Amino acid sequence: MKRHAQCPIAKAKKFTSPNLAYVEPLPVESRETAPNERIVALFTGLTVEVCDPVAIEKLSLGGCFGQGTLSRSFPKSVREPGSKNKEEVIRRRVLERREEWRRKYGTVGGSGRVRALEDEVEAQLTSGAIAPWQLKFAVVEKRVDPFPVAEYLSLMFEESLFLVRELKCLEVRTLDGVVIAEKDLIERFSKLNRNFLASYAGYLYMKSKNWIIKSGLKFGGDFILYQKGPQFFHASYIVLIEPHRKGQKLPECCHYLDSYDFHGFNRIAETTAKDLLVLEIHFPDDLDPADCAAGLDRLKEFKVSEVLPRHHNYAANRISQQASTSGCK
């Protein structure tokens, strides 16, 4: 089966947790939440985090929003219900860091217990001599957790505004508990990300095509796209956002695909079995790109172009031409 650029064949995961096998497309009301009750998130100055366990489960299993602060994808409380009562296995250096935090911040250790890996076991785990699932059979030291670290759900700025503005199921507050108005929230996001308006337009465009969108920081891009969800498939695309106005690339763009950068992005995409997708966000000619509030009111006037760059392999192309020529004889 050939792989088509517009409809790539997603690589399926080897295992999907039964707890993640069924996910709603959007957050839905549950029996534990009152009708029209909004989820509360905290703006820390750099991130937007949801702390309530019920809200974390609702957003994670309702649209795959957010990422666990201590996980690569879904929070552990969602992947493994009941794991809160289990003893956490941590490396010794993590235990020492938590003890340092307790001395620095004066936090009293909780009642939870952790299992610290011995140096020999940690060396075997690092070298691959033992697998992570074999840690329960390894010799570990049981200790009282000196500085319990809770796992929260971290939302991207684009996800946060989508839940606030479009779905109206989220309200963002400061650390003091003050609700941040939508206009103020947009200003805060645009100060931290000068390309936020173009990123949000690209996020809505991809969301309208039923993609599951996650941060692409790990791969050097703006977003990565999943079919159905990260629990079912590996990511299909690495997305780069390029804002344009009057046919010219705006200086706010942080991606310039010259020959050097193109080879770098293309190598990352090929190594991780993904495709590179460049979204050109074309602003209206009479719109100031710095005015995010006015831009959000005129999102329908934006135009999006999809660019799928390809690295031309001369040797592979020559072989394919010879094969097609020999097949015609």
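**Close-up views of a predicted model**

**View 1. Cysteine 51 sits in the loop that links β2 to α1.** Helices here are DSSP runs of H or I with at least four residues and strands are E runs of at least two, numbered from the N terminus. This is a predicted model, in which local features need pLDDT of at least 70, side-chain atom pairs count only at pLDDT 80 or more, and totals for chains, interfaces and linings use all residues. Residues are numbered from 1 along each chain as its sequence is written, and side-chain values use heavy atoms, with hydrogens and water left out. With a relative accessible area of 31%, cysteine 51 is partly exposed (buried means under 20%, exposed over 50%, partly exposed in between, with a 1.4 Å probe and protein chains only). Leaving aside residues up to four places away in sequence, cysteine 51 touches Leu42, Ile56 and Tyr152; contact means heavy atoms within 4.5 Å. Alanine 41 is ten residues from cysteine 51 along the chain, and their C-alpha atoms are 7.0 Å apart.

**View 2. Five strands form an open sheet with mixed pairing.** Their order is β3-β7-β2-β1-β8, where two strands pair if DSSP finds at least two bridges between them. At the edges are β3 and β8 (170-173), each of which pairs on one side only. Strands β3 and β7 (residues 153-155) run antiparallel and are joined by two bridges. Here you can find glycine 68 opposite leucine 153 of β7. Helix α1 packs on the sheet and touches β1 (39-43), β2 (48-50) and β7; the directions of α1 and β7 make about 55 degrees. Axes are lines fitted to C-alpha atoms, for helices over the stretch in contact, and angles run from 0 to 180 degrees between N-to-C directions.

**View 3. Helix α5 (residues 157-166) crosses helix α7 (residues 196-207) at roughly 70 degrees, with axes that come within 10 Å.** That angle makes α5 roughly perpendicular to α7 (65 to 115 degrees; under 35 counts as roughly parallel, over 145 as roughly antiparallel and the rest as oblique). From α5, the contact uses Phe157, Glu158, Glu159, Leu161, Phe162, Arg165 and Glu166, and from α7 it uses Phe196, Ser199, Tyr200, Tyr203, Leu204 and Lys207. By type, the residues of this contact are seven nonpolar, one polar and five charged; Ala, Val, Leu, Ile, Met, Phe, Trp, Tyr, Cys and Pro count as nonpolar, Asp, Glu, Lys and Arg as charged, and the others, Gly among them, as polar. Nine of the ten residues of α5 are buried, so this helix is largely enclosed by the rest of the structure. Among the buried residues of α5 are Ser160, Leu163 and Val164.

**View 4. Cysteine 64, which is not a glycine, has a positive phi of about 55 degrees.** Most residues other than glycine have a negative phi. Look for cysteine 64 in the loop between α1 (53-60) and β3 (67-68). This cysteine 64 counts as buried, at 1% relative accessibility.

**View 5. Asparagine 210 is another residue other than glycine with a positive phi, near 70 degrees.** Its place is in the loop between α7 and β9 (212-215). Asparagine 210 is exposed, with a relative accessible area of 66%.
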